[in-house]
Amino acid sequence: MTENAACIFCRIVEGHEKASFVAQGSDAVAFLDVHPINEGHTLVVPRKHAASIGEVDEIAAVALWTLARRVAAGLRVAGLRCEAVNLYVADGAVAGQEVFHSHLHVIPRWEGDGFGIKFPPHYGAAADRKTLDDVAARLRKRLG
């Protein structure tokens, strides 16, 4: 079985599986999540298979975020309950990624909806500037 044949999102993009499409572009598509956090929870997926966000080519990455922005705006005016929107990417198993075809969640939110991200106890403590500068330098070196 090829990687694309094994990937549920590739099968959806290729028309071999059903999905409730919200929008389709030449490089990315948006469809409703079958396990929604809230009504209107949409997945934005590159047409070309890429397991992680780092593998998504530049054109598809722009298409993903552009389509996500359109979906987020649409959620606010579609008559669905939506006071705010989360854009969420889980990149890798440890981050919670379950389908290894990179995708962006667009989740409508409202006060008391029960969804959230739990931050660790140390969150909010400011890092020292030297540590931040050292980490930034390591990243810049790898980004080119």
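Y123 is found in the loop that runs between β5 (104-109) and α4 (129-143), where helices (H or I, at least four residues) and strands (E, at least two) are DSSP runs numbered from the N terminus. Colleagues, this is a predicted model, in which local features need pLDDT of at least 70, side-chain atom pairs count only at pLDDT 80 or more, and totals for chains, interfaces and linings use all residues. Residues are numbered from 1 along each chain as its sequence is written, and side-chain values use heavy atoms, with hydrogens and water left out.

Y123 is exposed, at a relative accessible area of 57%; exposed means over 50%, buried under 20%, and partly exposed in between, with a 1.4 Å probe and protein chains only. Together with I117 and F119, Y123 makes a nonpolar surface patch of about 370 Å².

I turn to the largest pocket, whose volume is about 450 Å³. A pocket is an open set of points on a 1 Å grid where a 1.4 Å probe fits, with protein on both sides within 12 Å along at least five of seven lines; lining residues have an atom within 4 Å of a point. Of its 23 lining residues, D33, L43, E98, H103 and H105 are closest to the centre. α2 (8-13) and β2 (28-32) each give two or more residues to this lining, and α2 gives the most, with three.

Terms used. Grid points are joined across faces, edges and corners, and a volume is the space filled by probe spheres set on the points. Patches are made of residues with over 30% relative accessible area and no salt bridge: like charges are joined within 9 Å, nonpolar side chains (Val, Leu, Ile, Met, Phe, Trp, Tyr) within 5 Å. Accessible areas come from the Shrake-Rupley method with a 1.4 Å probe; for residues, only the protein chains shown count as cover. A salt bridge is a side-chain nitrogen of Lys or Arg within 4 Å of a carboxyl oxygen of Asp or Glu.
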